[in-house]
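Subject: Structure handover

Dear colleague,

Please find the structure below, together with its sequence. My notes on it follow.

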Amino acid sequence: KAIEIVQRAIDEDVKQNYLEAYKQYMNALDYFVLAQKYEGNQRSKVLIRAKIEEYLSRAETLKKHIQTQDEQRSRNVVRANGSST
């Protein structure tokens, strides 16, 4: 399940639909964490942990990007209204 969700996240990421990609990465991470928790094989746990770190890093990058875009939109709205706060 986590792999299916992360594939959707990657697809959205490629399409530059960053908000949806972020949501999908976070959803996938929930499943990866559960998988790691219940995995009995130590090697598999290590591999899952590596994927968690990889996708978490990408999600954090997307979150920062989304926040920056939101701030820029807010500034543009203020300028369009002719007022500054």
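A word on accessibility is needed before the residues are discussed: buried means under 20% relative accessible area, exposed means over 50%, and partly exposed lies in between, with a 1.4 Å probe and protein chains only. This is a predicted model, in which local features need pLDDT of at least 70 and side-chain atom pairs count only at pLDDT 80 or more, while totals for chains, interfaces and linings use all residues. Residues are numbered from 1 along each chain as its sequence is written, and side-chain values use heavy atoms, with hydrogens and water left out.

Helix H1

Helices are DSSP runs of H or I with at least four residues, numbered from the N terminus. Helix H1 covers residues 2–14, and its 13 residues should span 18 Å at 1.5 Å a residue, which agrees with the 18 Å between its end C-alpha atoms; the expected span here is 1.5 Å times one less than the number of residues. The buried residues of H1 are Ala2, Ile5, Val6, Ala9, Glu12 and Asp13. Because these residues cover an arc of only 115° around the axis, they sit on the same side of H1, the arc being that of the directions from the helix axis to the C-beta atoms. On the face turned away from that buried side, H1 carries the exposed residues Ile3, Glu4 and Val14. Glutamine 16, which follows H1, has a positive phi, near 65°.

Salt bridges

A salt bridge is counted when a side-chain nitrogen of Lys or Arg is within 4 Å of a carboxyl oxygen of Asp or Glu, and by this rule the count comes to five. One of them joins glutamate 12 to lysine 15, with the closest N and O atoms 3.9 Å apart; glutamate 12 counts as buried at 16% relative accessibility, whereas lysine 15 is exposed at 59%. Another joins lysine 51 to glutamate 54 at 3.3 Å between the closest N and O atoms, and these two residues of helix H3 are separated by about one helical turn because they are three residues apart. Arginine 73 forms a salt bridge with aspartate 70, the closest N and O atoms being 3.0 Å apart, and both residues lie in helix H3.

Isoleucine 52

Isoleucine 52 is found in helix H3, residues 42–81, and counts as buried at 4% relative accessibility. Leaving aside neighbours within four places in sequence, isoleucine 52 is in contact (heavy atoms within 4.5 Å) with Leu29, Phe32, Val33 and Gln36.
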